[in-house]
Every structure is written in structure tokens, then in C-alpha cells.
Amino acid sequence: MPTFACAANQALRCNGDNLVRCNGDGTAETTETCMLGCSNPAQRCNDVAPSNGLASYIDVSSGEPDIDLGMMSTINTDNGTVMADGKSVTVRSALMAQASAPTILVFIVHSLTAENVTITGSNAFALVSNGDIAIAGVFAASANSDVPGPGRFNEATCRGGNSMSVGGAFNGAGGGGFGTAGGAGGSATNTLGTSAGGASGSPTGNPTLTPLRGGCDSGTYFVGLKSGSGGGAIQLVSRTKIIIGGVLAANGSSFIGGGSGGGILLEAPLVDVTGTVVANGGAGAGGCLFPEVGENGHLDAAPAIGGGTGCSGTGANGGNGGAGTVPAGRGTSISTPDAGNVFAGNGGGGVGRIRINTAPGGFHRAGLFSPNPSTGAIATR
């Protein structure tokens with residue numbers, strides 16, 4: 001009888017979602033399960049086709065090292081610097097421009113294990129991995145005070161309206177919008193006139209987060225032209241699995257009004273979330289010459305609380321930030337029966353956007369999301 005023979009490891013055919021190939025010594029067939037299906041013409045397992053043009057980066061990820069970021073690390077999307085437990089870590093990265101959206105700094109790894117990570121810079125953050133991505137601590141690209149999250153992106157309609165004055169009546173700034181609208185600023189009235197509240201930032205972008213972008217700022221304040229800042233943008237792509245056991249965050253901040261939450265996009269055949277994924281809005285500050293800042297977006301589904309008046313009798317409270325299904329709050333209005341100065345409260349920021357793309361049945365959700373994610377099928381090639 002003839003002896004079975006084929007080239008070692010040669011791909012032979014697809015059998016449903018399985019790839020049949022020759023074994024290592026060419027003496028028998030062996031079957032490999034393809035997580036994304038099998039391509040019969042090419043005789044190979046289908047590969048991930050990441051959103052936002054990241055395919056060429058994941059194509060070279062198999063040759064990169066496994067990265068363990070230890071207990072505490074920082075990543076800078078302006079210069080690609082990665083520090084883990086006080087030591088520099090070399091991670092391959094590349095800049096990728098987007099039309100009408102922030103530039104992305106793409107980090108390329110074989111696999112990633114991370115605890116607590118703080119991401120800063122102006123470019124959006126993306127990470128592509130040949131193997132698993134596992135996050136056990138707080139992995140955050142959030143805004144802080146008037147410092148935007150990496151990849152924050154303002155356009156004409158999503159930024160909140162500014163704080164203005166009519167005869168000493170100072171309206172509140174509007175909060176930034178993204179996934180949902182920001183809260184409007186409160187109006188202010190004295191005997192010299194009324195200053196209508198700053199407009200709320202409108203929802204913008206799209207549920208798929210293509211292009212990748214973060215949230216929007218609040219309106220500015222007449223002193224120093226400062227604003228609450230939009231949360232950043234995170235895209236994680238794995239050929240195998242993304243595991244979120246900790247907290248993944250792209251929250252907006254509070255400074256004058258609240259900045260909106262940012263954008264988080266997860267793409268892998270399997271996405272397993274037992275932890276928390278949040279893109280909450282920051283709260284609005286209270287009304288005062290020197291406003292009492294509210295809370296930044298929370299690491300849960302509770303709304304950030306607006307700032308207090310800070311000016312007894314002449315100021316009003318800021319609006320809460322958006323979280324979960326709770327919309328951003330508007331700043332409280334105020335009036336006085338004389339010509340004195342009054343300061344309305346500032347609006348909170350709306351929530352951001354969260355998107356999960358997986359293989360059919362590949363989204364395992366046991367954790368908390370704020371807001372709720374949109375979901376879709378991961379693209380293949």
C-alpha cells in the first residue's frame with residue numbers, strides 16, 4: 001500500500017471552519033480550528049482586518065516581543081515613550097494619520113500584560129497584538145482638569161458653548177458632547193440683562209469609532225479661556241483574545257464645563273470583560289469668579305457630581321456628567337433683583353462611545369460598561 005506523504009506543515013484544504021494541514025513530519029493530516037473561519041481559495045485561516053487601517057501593523061506583530069508593563073506604567077503618545085515600574089521599555093510604534101480625526105500612535109506587540117497604565121499625549125492610542133491582551137489594573141486615557149485625553153477631538157458642533165457676560169450676569173459654559181449631548185450652561189440674570197446659558201455640545205462621530213477619536217471639550221470661561229477636556233481614544237486589537245479584568249477608561253474631566261467621555265474600540269475574536277469599561281463625562285464647575293471644579297468622570301456608572309457655587313448667594317451649581325444611560329446635567333441658572341454680579345453653573349459632559357467587534361458569540365460580558373457598548377462582527381481578510 002502507498003504511504004501517505006505530504007510536505008511538512010503544508011496547508012491542504014478547508015473543512016468548514018477548520019484548516020487541514022500536513023503534520024510536522026509529513027506523515028499524516030492534522031486539523032487546526034480557525035477562530036475566524038477558513039479561506040478555501042487561500043488555504044489558510046482568516047486573519048483579523050482591524051478597523052482604521054491597522055492591518056499592516058498587526059501583520060508584523062508576530063515578530064515583536066511579549067510586553068509586560070509591570071504594576072505601574074506610563075505611555076506617551078507624542079513620542080512613544082513607555083515606562084514600566086520606573087524603567088524604560090522599548091515598544092515598536094508608528095504614527096498613522098487619519099482624515100478629519102486625530103493622528104494615531106500605533107504600538108505593536110506580540111502580546112501585552114498590563115496592570116495600572118496612564119496614557120498621555122495628543123495622539124490617539126492604538127495597540128495591535130499577535131496574541132492576548134490582558135489588563136488587570138486601571139488602564140486609562142482619560143482627561144485631567146484642562147489637560148485633554150490622548151486623541152481628544154473638537155469640531156464645531158460637539159464643543160460646548162462659552163461662558164459670556166451681560167452687565168455682570170455670567171452664564172455657564174456648555175458641556176462637551178460625543179456619544180450623547182453635553183449639558184447646557186445655566187443662564188444668569190440681573191437688572192442689567194440676561195446672559196443665556198452656553199449651548200450644549202452635540203453628539204458626534206459614529207458608533208463604529210471609524211475614524212478613531214476621543215471626546216470633546218466644554219466651552220471656555222472668560223478668565224484664562226480654560227475648559228473641561230474630552231476623554232481620549234483607545235483601540236485594542238488582538239488576533240486571539242482581549243481580557244479586561246481591571247478598568248479600561250477614557251473619561252472626560254471637569255474644569256469649567258465638563259468634557260465628554262472619549263472613545264474605546266476593542267477588536268478580537270474573543271473579548272472577555274469581567275472588569276469595567278468606561279467613557280464617562282466630566283461634571284460642570286459651579287458658578288463663581290473662581291469656579292469650584294466638579295468631579296472628573298468616574299470609574300463606574302455613577303455620574304460625576306457638579307461643583308458647588310463657591311460664591312454664596314451669587315453663584316449656582318454645575319451640572320453632573322453623563323454616565324451609563326444618565327444624560328449630562330445642565331448648569332443651574334441664577335438671577336438677582338439688583339445690578340450685582342451673578343454666576344450661573346456650567347454644564348456637564350456627555351458620555352463617549354464604546355465599541356466591541358468580535359467573532360460570532362465571542363463577546364463574553366460579565367463586567368460593567370458605561371455607556372453600554374455597540375457591538376459588531378470583526379472584519380476578516
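A disulfide is a pair of cysteine sulfur atoms within 2.5 Å. This report covers such links in a predicted model, where local features need pLDDT of at least 70, side-chain atom pairs count only at pLDDT 80 or more, and totals for chains, interfaces and linings use all residues. Residues are numbered from 1 along each chain as its sequence is written, and side-chain values use heavy atoms, with hydrogens and water left out.

The whole structure holds 5 disulfides. In sequence order, the bonded cysteines of the protein chain pair as 1-3, 2-5, 4-6, 7-8, 9-10.

| Pair | Angle about the S-S bond | Hand |
|---|---|---|
| Cysteine 14 and cysteine 38 | -75° | left-handed |
| Cysteine 34 and cysteine 45 | -65° | left-handed |
| Cysteine 158 and cysteine 216 | -90° | left-handed |

Cysteine 14 and cysteine 38 are joined with an S to S distance of 2.0 Å. This pair links distant parts of the chain: cysteine 14 sits in strand S1 (residues 11–15) and cysteine 38 in strand S4 (residues 38–39), 24 residues apart. Strands here are DSSP runs (E, at least two residues), numbered from the N terminus. Cysteine 14 is buried at 14% relative accessible area, and cysteine 38 is buried at 15%. Buried means under 20% relative accessible area (1.4 Å probe, protein chains only).

The sulfur atoms of cysteine 34 and cysteine 45 are 2.0 Å apart. Cysteine 34 lies in the loop between strand S3 (29–33) and S4, and cysteine 45 in strand S5 (residues 44–45), so the link ties together parts 11 residues apart in sequence. Cysteine 34 is buried, at 4% relative accessibility.

Cysteine 158 and cysteine 216 also have their sulfur atoms 2.0 Å apart.

How values were computed. Helix = DSSP H or I, 4+ residues; strand = E, 2+ residues; numbered from the N terminus. Buried < 20%, exposed > 50% of the residue type's maximum accessible area, 1.4 Å probe, protein only.
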